[in-house]
Amino acid sequence: MTNHAPNTISAPTPGPWAVQQSSNPGNGASWRDIVSTGGAFGPSYVGEALERDAYLIAAAPDLLAACEFVLAHALERKWDEDGRAFTMISSALRKATGGAA
């Protein structure tokens with residue numbers, strides 16, 4: 001596994017992402033394709049995963065945007081008194097964007 005320095009990875013495949021039946025005939029029935037539906041030319045292949053993981057992976061762009069939004073508002077309104085939400089969201093965002101978790 002290659003370690004990346006923070007903020008040196010390329011931009012992620014644009015979201016939203018969706019889950020479709022696997023296009024690989026060699027995969028079993030539990031495999032799914034993950035596709036980006038945010039491109040100008042229709043869905044594009046992102047990767048494949050077992051169905052139990054595919055939906056979580058496909059939600060990644062939406063979860064990243066939601067975390068960034070919540071974190072920004074938490075800091076503005078100071079509602080995270082004990083800092084747990086800030087710590088959890090900050091850690092997840094670093095991991096999602098290639099920084100140290």
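Tutor: Helices (H or I, at least four residues) and strands (E, at least two) are taken here as DSSP runs, numbered from the N terminus. The model is predicted, and for that reason local features need pLDDT of at least 70 and side-chain atom pairs count only at pLDDT 80 or more, whereas totals for chains, interfaces and linings use all residues. Residues are numbered from 1 along each chain as its sequence is written, and side-chain values use heavy atoms, with hydrogens and water left out.

Student: In what order do the elements of the protein run from the N terminus on?

Tutor: The secondary structure of the protein comes to three helices and three strands. Read from the N terminus on, these elements follow the order β-β-β-α-α-α.

Student: Which strands are the edge strands?

Tutor: Two strands pair if DSSP finds at least two bridges between them. By that rule there is an open sheet of three strands, in the order S1-S2-S3 and with antiparallel pairing. The strands that pair on one side only, and are therefore the edge strands, are strand S1 (17-21) and strand S3 (44-50).

Student: How many bridges lie between strand S2 and S3?

Tutor: S1 and S2 run antiparallel and are joined by five bridges, one example being Gln20, whose bridge partner in S2 is Asp33. On the S3 side, Arg32 stands opposite Ala49. Strand S2 (residues 31-36) and S3 also pair in the antiparallel sense, and the number of bridges over which they do so is six.

Student: Why is S2 said to be largely enclosed by the rest of the structure?

Tutor: Buried means under 20% relative accessible area, exposed over 50%, and partly exposed in between, with a 1.4 Å probe and protein chains only. Of the 101 residues of the protein, 20% count as buried. S2 is largely enclosed because, of its six residues, the number that are buried is five.

Student: Is Val35 buried or exposed?

Tutor: The place of Val35 is in strand S2. When residues up to four places away in sequence are not counted, Val35 touches Pro16, Trp17, Ala18, Gln20, Pro43, Ser44, Tyr45 and Val46. The relative accessibility of Val35 is 5%, so this residue counts as buried.

Student: What distance separates the C-alpha atoms of Val35 and Val46?

Tutor: Val46 is among the residues that Val35 touches. The two lie 11 residues apart along the chain, and the separation of their C-alpha atoms is 5.0 Å.

Student: What share of the contacts with a separation of 6 or more comes from residues 24 or more positions apart?

Tutor: The count takes in contacts of the protein with a separation of 6 or more. Among these, the share that residues 24 or more positions apart account for is 26%.

Conventions: Contact = heavy atoms within 4.5 Å.
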